Amino acid sequence: MIDFDQIDTIPSPIISLLDKKRDLIREELVLDTKRALAGHQWKGGIVTTKNYDETFEIIKEILSNEKILGFHCTKLINPNEILTTGLKNQLLRF
């Protein structure tokens, strides 16, 4: 089972893939953000997220056979509902 709060439970292929692609992904996402912020003023040429997209697909494939433990925290809009019903378990599918 993968617990994303415990790095030692994350499969080593994911860690090594992210280590290998980290700088390329960061560069793509920074350029993509700059392009989005510049809007119609963007003069930096074509921006792709090829490395990010490929890495995402590989990670999805690795995770498809794993059980994952994770928690999501959000603003409590109706805290009384949580007090009466408790947290509801959600099964995520990739």
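Asp32 and Arg35 lie 3 residues apart in helix α1, so about one helical turn separates them. (Helices are DSSP runs of H or I with at least four residues, numbered from the N terminus.) The two side chains form a salt bridge, with their closest N and O atoms 2.6 Å apart; the term requires a side-chain nitrogen of Lys or Arg within 4 Å of a carboxyl oxygen of Asp or Glu. Asp32 is partly exposed at 23% relative accessible area, and Arg35 is partly exposed at 34%. Here buried means under 20%, exposed over 50%, and partly exposed in between, using a 1.4 Å probe and protein chains only.

Before we go on, note that this is a predicted model: local features need pLDDT of at least 70, side-chain atom pairs count only at pLDDT 80 or more, and totals for chains, interfaces and linings use all residues. Residues are numbered from 1 along each chain as its sequence is written, and side-chain values use heavy atoms, leaving out hydrogens and water.

Arg26 is partly exposed at 47%, while Asp23 is exposed at 52%.

Shared partners join Lys21, Lys50 and Glu54 into one network. Lys21 of α1 and both Lys50 and Glu54 of α2 are also among the residues that make the contact between the helices, where contact means heavy atoms within 4.5 Å.

Notes:
Helix = DSSP H or I, 4+ residues; strand = E, 2+ residues; numbered from the N terminus.
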